[in-house]
Amino acid sequence: MADIFDVVADSTRRDILRILLERYNVSNESRGESRGELSVSDIVTRLGLSQPTVSKHLKVLREATLVVVREEGQHRFYHLNYAPLEQIEDWLIPFLSVDFDATPDLTTEEVEAGLRDEQRAFASAIGKAFADTSFQMSHAVKDATTKKWRKNP
(Lines give C-alpha, C1' and ligand atoms only; values in the text may rest on other atoms or scores of the structure.)
Protein backbone atom coordinates (compact mmCIF):
# COMPACT_ATOMS: atom_id res chain seq x y z
CA MET A 1 0.00 0.00 0.00
CA ALA A 2 2.85 2.41 0.73
CA ASP A 3 4.02 2.22 -2.87
CA ILE A 4 0.71 3.44 -4.29
CA PHE A 5 0.69 6.38 -1.87
CA ASP A 6 4.20 7.28 -3.01
CA VAL A 7 2.95 7.22 -6.60
CA VAL A 8 -0.08 9.45 -6.01
CA ALA A 9 1.88 11.79 -3.73
CA ASP A 10 3.37 13.45 -6.82
CA SER A 11 1.21 16.33 -8.07
CA THR A 12 2.02 15.74 -11.75
CA ARG A 13 0.89 12.12 -11.52
CA ARG A 14 -2.30 13.23 -9.75
CA ASP A 15 -2.87 15.71 -12.59
CA ILE A 16 -2.47 12.90 -15.14
CA LEU A 17 -4.95 10.74 -13.21
CA ARG A 18 -7.39 13.66 -13.05
CA ILE A 19 -7.13 14.24 -16.81
CA LEU A 20 -7.74 10.54 -17.49
CA LEU A 21 -10.70 10.58 -15.10
CA GLU A 22 -12.17 13.60 -16.91
CA ARG A 23 -11.69 11.80 -20.24
CA TYR A 24 -13.38 8.70 -18.82
CA ASN A 25 -16.38 10.75 -17.68
CA VAL A 26 -16.67 12.48 -21.06
CA SER A 27 -16.47 9.20 -22.98
CA ASN A 28 -19.09 7.61 -20.71
CA GLU A 29 -21.48 10.53 -21.14
CA SER A 30 -21.16 10.47 -24.91
CA ARG A 31 -21.06 6.66 -24.98
CA GLY A 32 -18.14 6.88 -27.37
CA GLU A 33 -15.76 4.08 -28.15
CA SER A 34 -12.70 5.85 -26.76
CA ARG A 35 -12.87 4.00 -23.39
CA GLY A 36 -11.59 7.15 -21.71
CA GLU A 37 -8.27 6.96 -23.49
CA LEU A 38 -5.86 9.78 -24.17
CA SER A 39 -2.69 9.76 -26.20
CA VAL A 40 0.60 10.82 -24.68
CA SER A 41 0.60 13.91 -26.90
CA ASP A 42 -2.88 14.87 -25.66
CA ILE A 43 -1.69 14.59 -22.06
CA VAL A 44 1.45 16.62 -22.88
CA THR A 45 -0.73 19.35 -24.40
CA ARG A 46 -3.16 19.42 -21.48
CA LEU A 47 -0.40 19.62 -18.86
CA GLY A 48 1.95 21.91 -20.77
CA LEU A 49 4.92 19.72 -19.86
CA SER A 50 7.59 18.11 -22.02
CA GLN A 51 6.92 14.71 -23.57
CA PRO A 52 9.83 13.04 -21.71
CA THR A 53 8.52 14.34 -18.37
CA VAL A 54 4.99 13.07 -19.05
CA SER A 55 6.34 9.73 -20.28
CA LYS A 56 8.40 9.34 -17.09
CA HIS A 57 5.31 9.89 -14.94
CA LEU A 58 3.18 7.61 -17.11
CA LYS A 59 5.77 4.86 -16.66
CA VAL A 60 5.51 5.19 -12.87
CA LEU A 61 1.69 5.11 -13.08
CA ARG A 62 1.83 2.11 -15.41
CA GLU A 63 4.19 0.20 -13.09
CA ALA A 64 1.82 0.90 -10.19
CA THR A 65 -1.00 -0.43 -12.43
CA LEU A 66 -2.93 2.85 -12.06
CA VAL A 67 -3.05 3.27 -15.85
CA VAL A 68 -3.20 0.86 -18.76
CA VAL A 69 -1.57 1.51 -22.11
CA ARG A 70 -2.81 0.45 -25.54
CA GLU A 71 -0.29 0.58 -28.35
CA GLU A 72 -1.35 1.44 -31.86
CA GLY A 73 1.64 1.72 -34.17
CA GLN A 74 3.93 4.31 -32.63
CA HIS A 75 1.12 5.86 -30.59
CA ARG A 76 0.35 5.04 -26.95
CA PHE A 77 -3.13 5.53 -25.51
CA TYR A 78 -3.66 5.53 -21.75
CA HIS A 79 -6.73 4.97 -19.60
CA LEU A 80 -7.36 4.55 -15.87
CA ASN A 81 -7.29 1.25 -14.05
CA TYR A 82 -9.65 1.66 -11.09
CA ALA A 83 -8.64 -1.43 -9.07
CA PRO A 84 -5.66 0.21 -7.29
CA LEU A 85 -7.74 3.33 -6.61
CA GLU A 86 -10.34 1.13 -4.95
CA GLN A 87 -7.59 -0.17 -2.65
CA ILE A 88 -6.86 3.42 -1.62
CA GLU A 89 -10.55 4.03 -1.08
CA ASP A 90 -10.87 0.87 1.04
CA TRP A 91 -7.94 2.02 3.15
CA LEU A 92 -9.33 5.56 3.56
CA ILE A 93 -12.95 4.68 4.42
CA PRO A 94 -12.30 3.74 8.08
CA PHE A 95 -10.56 7.09 8.61
CA LEU A 96 -13.41 9.01 7.03
CA SER A 97 -16.02 7.34 9.22
CA VAL A 98 -14.25 7.97 12.56
CA ASP A 99 -15.78 10.60 14.82
CA PHE A 100 -12.59 12.42 15.75
CA ASP A 101 -14.52 14.81 18.00
CA ALA A 102 -15.37 11.88 20.28
CA THR A 103 -11.70 11.11 21.00
CA PRO A 104 -10.22 12.49 24.20
CA ASP A 105 -8.29 15.72 23.86
CA LEU A 106 -4.58 15.35 24.54
CA THR A 107 -2.23 18.21 25.10
CA THR A 108 0.67 18.71 22.71
CA GLU A 109 3.06 17.74 25.49
CA GLU A 110 1.21 14.45 26.09
CA VAL A 111 1.28 13.59 22.41
CA GLU A 112 4.94 14.53 21.99
CA ALA A 113 5.93 12.62 25.12
CA GLY A 114 4.63 9.45 23.50
CA LEU A 115 6.56 9.89 20.29
CA ARG A 116 10.27 9.86 19.67
CA ASP A 117 11.78 12.26 17.14
CA GLU A 118 11.86 9.66 14.34
CA GLN A 119 8.28 8.66 15.00
CA ARG A 120 7.14 12.29 14.94
CA ALA A 121 8.90 12.88 11.61
CA PHE A 122 7.41 9.71 10.15
CA ALA A 123 3.93 10.54 11.45
CA SER A 124 4.21 14.07 10.06
CA ALA A 125 5.21 12.79 6.61
CA ILE A 126 2.40 10.22 6.57
CA GLY A 127 -0.12 12.80 7.76
CA LYS A 128 0.92 15.27 5.07
CA ALA A 129 0.78 12.62 2.33
CA PHE A 130 -2.59 11.39 3.57
CA ALA A 131 -4.06 14.89 3.75
CA ASP A 132 -2.76 15.83 0.31
CA THR A 133 -4.01 12.59 -1.26
CA SER A 134 -7.37 12.85 0.47
CA PHE A 135 -7.75 16.46 -0.68
CA GLN A 136 -6.89 15.63 -4.30
CA MET A 137 -9.12 12.53 -4.40
CA SER A 138 -12.08 14.37 -2.88
CA HIS A 139 -11.72 17.19 -5.43
CA ALA A 140 -11.46 14.71 -8.31
CA VAL A 141 -14.66 12.99 -7.13
CA LYS A 142 -16.37 16.36 -6.55
CA ASP A 143 -15.36 17.61 -10.01
CA ALA A 144 -16.56 14.41 -11.65
CA THR A 145 -19.85 14.45 -9.74
CA THR A 146 -20.47 18.15 -10.43
CA LYS A 147 -19.91 17.70 -14.16
CA LYS A 148 -22.17 14.65 -14.23
CA TRP A 149 -25.03 16.46 -12.48
CA ARG A 150 -24.68 19.58 -14.62
CA LYS A 151 -25.08 17.60 -17.81
CA ASN A 152 -27.93 15.40 -16.55
CA PRO A 153 -30.64 17.75 -15.21
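**Salt bridges and helix packing in a predicted chain**

The protein chain exposes about 10500 Å², and carbon and sulfur atoms supply 54% of that area; accessible areas come from the Shrake-Rupley method with a 1.4 Å probe, and for residues only the protein chains shown count as cover. This is a predicted model, in which local features need pLDDT of at least 70 and side-chain atom pairs count only at pLDDT 80 or more, while totals for chains, interfaces and linings use all residues. Residues are numbered from 1 along each chain as its sequence is written, and side-chain values use heavy atoms, with hydrogens and water left out.

**Overall make-up**

- The protein chain has seven helices and three strands, where helices (H or I, at least four residues) and strands (E, at least two) are DSSP runs numbered from the N terminus.
- Along the sequence, these elements of the protein chain follow the pattern α-α-β-α-α-β-β-α-α-α.
- Of the 153 residues in the protein chain, 26% are buried; buried means under 20% relative accessible area, exposed over 50%, and partly exposed in between (1.4 Å probe, protein chains only).
- Among contacts (heavy atoms within 4.5 Å) in the protein chain between residues at least 6 apart in sequence, 57% join residues at least 24 apart.

**Salt bridges**

- A salt bridge is a side-chain nitrogen of Lys or Arg within 4 Å of a carboxyl oxygen of Asp or Glu, and by this rule the count comes to seven salt bridges.
- One of them joins the side chains of E22 and R18, with an N to O distance of 3.1 Å.
- E22 and R18 lie four residues apart in helix α2 (residues 11–30), so about one helical turn separates them.
- E22 is buried, at 18% relative accessible area, whereas R18 is partly exposed, at 30%.
- R70 forms a salt bridge with E37, and the closest N and O atoms are 2.8 Å apart.
- This pair links distant parts of the chain, 33 residues apart: R70 is in strand β2 (residues 67–72), and E37 is in the loop between α2 and β1 (38–39).
- With a relative accessible area of 28%, R70 is partly exposed, while E37 counts as buried at 7% relative accessibility.
- R70 also forms a salt bridge with E72, where the closest N and O atoms are 2.7 Å apart.
- E72 is partly exposed, with a relative accessible area of 43%.

**Packing of α3 and α4**

- Two packed helices are described by the angle between their axes and the distance between the axes.
- The axes of helix α3 (residues 40–47) and helix α4 (residues 51–63) come within 9 Å and cross at roughly 110 degrees; axes are lines fitted to C-alpha atoms, for helices over the stretch in contact, and angles run from 0 to 180 degrees between N-to-C directions.
- α3 and α4 are therefore roughly perpendicular to each other, a term for angles of 65 to 115 degrees, with under 35 counted as roughly parallel, over 145 as roughly antiparallel and the rest as oblique.
- V40, I43, V44 and L47 of α3 make the contact with Q51, V54, S55 and L58 of α4.

**Backbone at T65**

- T65 is not a glycine, although its phi is positive, at about 60 degrees.
- T65 is found in the loop between α4 and β2 and counts as partly exposed at 42% relative accessibility.
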